[in-house]
Structures are given as structure tokens and as C-alpha cells.
Amino acid sequence: MIEIQNVSKRYGNKLAVNDVSFTIKKGEILGFLGRNGAGKSTTMNIVTGYISASAGRVLLDGYDILENPREFKRRIGYLPEMPPLYMDMTVDEYLRFVCAIKDVKKSYIKSHLDDITELIRITDVRRRLIKNLSKGYKQRVGMAQALVGNPEVVIMDEPTVGLDPKQIIEIRKLIKQLGEDHTIVLSSHILHEVADVCERVVIINQGKIVAQDTLDNLTKNISDSSRYRLRIAGPEREVYKVIREIPGTRSVDEMGTKEADSYDFLVEAERTADIRRPLFQQMAKLGYPILMLRPMDIELEDIFLQLTNDKGEEQ
Amino acid sequence: MLAIWKRELQNYFLTSIGYVFMGIFLLVGGFMFFLSNIYSSSASLSGMLGNLNYLFMLIVPILTMKLLSEEKRNKSDQLLLTSPRSIWDIILGKFCAACTVVVISTAVTLFYVIILAVYSNKTYPALIATNYLGFLLLGFSYVAIGVLMSALTENQVSAAVLTIGVNLLLQILESVGSSITIPGLSFLNTVISWMSLYKRFNDFSGGILSFANVIYYISFCGVMLFLAVRVIDKRRWSEG
């Protein structure tokens, strides 16, 4: 559907995006993962035609973004990191304006906007000024804007940043729902967000693509260890030694004191050896209560470390 | 283009900008009319319009300063530039919106023409029409300069100050030109006074409707807008 071919963007001496190539397939929900500053937004901005690449091509169904910008842009809806809203307009005025600049037929506008606002659930705020809306609603209006004109592809740049947990869940639900009849690209720096909604992932680091695969394949490679956050009321050195000696423990990091008379540790262990039981028994025997034991999710950070380590070994 | 024109025009009157502009323009315009026509019992509008031209120079930047700079700052230009609209559409839409406010404000002063027509027997419709045409063309040129300055910066205040500065500079250009007395360089005098925005306005004030002058103002606007389009387009290719 969309082909990104050897795209680079140079800023001064720095290559913000370095020879990036990937394909967005029709009907899929693609996750675009990377840390802040990895080149996600720059790539999104190039793919949507906001900025131009220093080198490389972007094609949508054979339309080149430079040669045929009009046909290209008509097929893409874009929700940038900061929703491009006009604060002095009401939601309805704003969406009507978007309809007009995106060539939506006049006779179709009313029913089109009714559908979109219904889907995004902003019908009740249509008459309100955008500047008076909450952040979550603003994000929704931004999303509605991206859907105007029924684009085949919807590109969203960090759509859940800055929202409260309830809003995040709702937005993710919405994205899944949209994925049923749109091709969606979702950029994010949060792994479990991508894991929640996306089928395939492209990971970018320092402007380069370091992996592109289904999420299952990616996590399989890094899931041979599990991590726990511990809080134990006992002498730091002794507890540290005891944890180290439990079979299956790979590493223990002392995290200092977070609560009076206790110490925190970050423990990494083999996934196959469940260290929680021996840990409990040992501590019980010594009389040091475990105040907290929390499994840590696999973070994007871990995938990165894994990927960069793999690279190091290859070289 | 129409959609952008409509949005910007609405925006002038949704915010205070349109009212501030028209309010100041009409207040000062009223005083000017009183001083140069009623008080001095004159039926010629060229004095009032000549003075209002100086006012335009100072307050047209209110209309243009945020047209492009604010879009860039709020990143709402992401919507426009990723829509199927071309940069020309965007710039022309915005230019026309500001020009529309200029036309509306000027149209209100036609009320004075009615007063003159009723109380004076020396009104010449063709002269007045030429006066107004020159006044509007000069106003449009200020708008075009403002649009270019707004494209150049992300800061509204910088855009406004730049526009006023350029307007003043173009205003004094003629005197600069005529002060060049070095032998052999007198062609500079001709070139500079040819470029002067204000000199041609004087022709209109005197009732001379010259096709060349109309074309001059239209091409002046065209060049300014073309440069604004280039500035916006260049930014997308920027590697800085």
C-alpha cells in the first residue's frame, strides 16, 4: 500500500532519519516504535508530506508524494503529535473546515460528520469551542480530523501521550475499532500500547530501522528473563547476598531506600526458574518481611538493548 | 482556497483582531474626514485617503502578522500542508481574507462620499473611484508584504514589526532616490523612484488612472506572495 524507500532526512550534520525502508500493508495496524528523538515523528512527517525527505521516495499505490501530492494526500489522514486544532473555532466549524480543504462533497458533509463524531464519540461537544475542551477531547477532535474524507490510511503520532489512563484505554479501543476498515500506522514509545493494538511492528533507533517483525516473534527473542521489583525490610548487604544465591538469579541491583527500614532491589532472573517461591521461603526463614514484590513489564528499553546487543555480536 | 479564505475571514471576527482593526481605522478615518473635508470645506477625498494610507501602513500588520506565523508556531500548518491543498491555495486564501477586511473597512468610508455628494456640488465620481482604487491597491500591497513577513518568522510580533519596517522603508525610498545626486548614478534615482509604492499612489490621488500602475501593484503583490510560497516550501526541504 505505502512503500517507504531508502528515505533519509538530514538536519545539519545529523541524520535524523537514515536510509529507512519499510512497507505498510493494506488493512494492517502497524506499530512504529522508538524512543523520543529516534526519528519517529520525522518519518511520520515525511510519509504524510508535511516535510520533504533529503533522499528516498514515498509511494502510495504508485503515487509518488512529490510528483502527485494531491492524489497522495487525499488518501492519508494524519494525526500529528500535537493535534492541529484552531482553538477559536467550535468543533463543528473546525471539522467543516477540514471537510472543505479535504475535498469532501458539500452534500455529503453533514452525514459524514455525523458518522465521524458518532464513532469518535464527540457528538456532545460539537457546539463547544475547541479551546475549552479537555486534553482527551482535543485528541479525539484531532482524530476525527484525520478521518475526514475517508482516507484509506490513517497515521497517528503518539496518540495517547499526555492522556489520563482512562482516556488512554478509550483511545486504544477506538484505534482498534478504526483498524477494522482502515490501514493504520501508530507511532509510540510504549511497548505494551503497541502490543495491545498492533499486528506488526517497525522499530526505529537513532534514525535507523533496527527490527521489523510481528510482535510475537520479537518478544519471543527477549522473553527468556523476567524482572521483579522487591522491597524487603532487612539489612541491605545480607539480603543482597541471599537473593544472589537463589538459583536462577541473573543479576541484583540495589535501588536504595524508598520506605523507612527497608531496601529496594531490582532482580533479573531466568524465566524458567520461578525465584519467587524460594525467595519467600528464604526471607521468611531469616525473618525479613517482603513488603513488595512486583513483576516488571518488558519495556521497549529491553528490546532496544537486546537489538543493539545482537548487532554488537554480529559485528 | 475558498475554505481557507472563509476560515480566516471568520477568524478575524471571532477574535478581536477584525474589530480592533476596523475600529481604529474608522475612528481615525472619521477624524481625517472631519479635518481634511468638513473643517476645510473641501470635496476632495485624496487628502483623507493620503493620510489614511499612513494609518494602513501601521495597522495592516495587525491583520497579517499571525496569518502564517501562528500556524507554524501551533503546528496547525500540519493540517494544511498534509491536506490536498497546494501552498498557493493556502497563501492566496489568507491574502484574500486580509484583503477582504481591508475592502470592508474601506467600503464603510463610502459613507463620507455620500455626505460629500449631498452637501457639495464638486464631487466627481470618476476621480473618487480612482482615489479609492489607488488606496485599495496600496492596501493590498501592504497585506502582501505582511503575508511574506509572517511566513518568514514564527513570532507574530516580529512579523508585525518587520512589516511596519519594510512599509516605512518603501515609503522613504522615493526621497532616498531623489537625494542621489552623484553624476553618473542618476539612473539609480529613476530605478528607485520607479519601484516606490507611494509615488504611484500619488498618480491615483491626482485622478490619473494608469494601466501600468494597476499592473505594477498587482505584480508587486504577486511577487510578495510568490516569495511567501517559496519560504514555506523551502522550510519543508530545510536541513538546518
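## Chain A at a glance

Buried residues make up 36% of the 315 residues in chain A. A residue is buried if 20 or more other C-beta atoms lie within 10 Å of its own, exposed if 12 or fewer, and partly exposed in between, with C-beta atoms placed from the backbone. This is a predicted model: local features need pLDDT of at least 70, side-chain atom pairs count only at pLDDT 80 or more, and totals for chains, interfaces and linings use all residues. Residues are numbered from 1 along each chain as its sequence is written, while chains are lettered from A and ligands numbered from 1 in the order in which they are written.

The C-alpha trace of chain A spans about 75 × 50 × 35 Å along its principal axes. Chain A has eleven helices and 14 strands. These are DSSP runs, numbered from the N terminus: helices are H or I with at least four residues, strands are E with at least two.

## Domains and contacts

Chain A is divided into domain 1 (1-75 + 152-223 + 299-315), domain 2 (89-145) and domain 3 (224-297). The bounds come from an automatic or database domain assignment. Taken over C-alpha atoms, the centres of domain 2 and domain 3 of chain A are separated by 52 Å.

Two residues are in contact if their C-beta atoms, placed from the backbone, lie within 7 Å. Take the contacts in chain A between residues at least 6 apart in sequence: 69% join residues at least 24 apart.

## Where chain A meets chain B

The contact takes 27 residues from chain A and 20 residues from chain B. On the chain A side, β1 (2-11), α2 (69-74), β6 (76-79) and α3 (91-101) each give two or more residues. α3(A) gives the most, with four residues.

## Two helices across the contact

α3(A) packs against helix α1 (residues 2-14) of chain B at an angle of about 155°, with the axes 8 Å apart. Axes are lines fitted to C-alpha atoms, for helices over the stretch in contact, and angles run from 0 to 180 degrees between N-to-C directions. α3(A) and α1(B) are therefore roughly antiparallel (over 145 degrees). F97(A), A100(A) and I101(A) in α3(A) meet A3(B), I4(B) and R7(B) in α1(B).

## A glycine in a loop

G287(A) sits in the loop between α10 (276-286) and β14 (290-296) of chain A. G287(A) is exposed, with 8 other C-beta atoms within 10 Å. The C-alpha atoms of G287(A) and A233(A) are separated by 9.0 Å, and the two residues are 54 residues apart along the chain.

Definitions and conventions. Angles under 35 degrees count as roughly parallel, over 145 as roughly antiparallel, 65 to 115 as roughly perpendicular and the rest as oblique.
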